[in-house]
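Try each task before reading its solution.

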Amino acid sequence: MAAYTVLQLFEVAVATIILLLGVLSNSPPVALLGGGFLIGKAILNILWPEGGSVYRRSLIGYSVAFVIVLGGLIVKHFTG
């Protein structure tokens, strides 16, 4: 298994643990953070066939995830 694949699996495992900790501790911000990391990783991998460096794809993926997490935190602030 390539080192990059192992790194991706590790990142997904860490993000999943953060997500689960947020859900189990009833902490929406922590759950949103874990979900945001997973969204960013998914977008990064979705963009792989399009080409471009891993840095470019990471910037796009995690920027979109940041906007989604920020939106979730704003909604949580005004509804709860």
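**Exercise 1. Find the buried residues of helix H3, and say what covers them.**

Solution. This is a predicted model, so let us begin with a list by residue. Arg57, Gly61, Ala65, Val69 and Gly72 are the buried residues of H3. Next, look at the spacing with a general rule in mind: an α-helix has 3.6 residues a turn, so residues three or four places apart point the same way. Finally, look for the cover: helix H1 (3–24) and helix H2 (28–46) are among the elements that provide it.

**Exercise 2. Compare the span of H3 with its expected value.**

Solution. Helix H3 runs over residues 54–79, which is 26 residues. At 1.5 Å a residue, 38 Å is expected. From first C-alpha to last, the helix reaches 37 Å, close to that expectation.

**Exercise 3. Which residues does Ile18 touch, leaving out those up to four places away in sequence?**

Solution. Start by placing Ile18: it belongs to helix H1. Its contacts are then Val30, Leu33, Gly34 and Phe37. Take Leu33 as a check: it is 15 residues from Ile18 in sequence, yet their C-alphas are 7.3 Å apart in space.

**Exercise 4. How many salt bridges are there, and which side chains meet?**

Solution. With a cut-off of 4 Å from nitrogen to carboxyl oxygen, the count is one. The side chains are those of Glu11 and Lys41, at 2.2 Å, N to O. Glu11 sits in helix H1 and Lys41 in helix H2, so the pair ties together parts 30 residues apart in sequence.

Technical notes. Residues are numbered from 1 along each chain as its sequence is written. This is a predicted model: local features need pLDDT of at least 70, side-chain atom pairs count only at pLDDT 80 or more; totals for chains, interfaces and linings use all residues. Side-chain values use heavy atoms; hydrogens and water are left out. Helices (H or I, at least four residues) and strands (E, at least two) are DSSP runs, numbered from the N terminus. The expected span of a helix is 1.5 Å times one less than its number of residues. Buried means under 20% relative accessible area, exposed over 50%, partly exposed in between (1.4 Å probe, protein chains only). Contact means heavy atoms within 4.5 Å.
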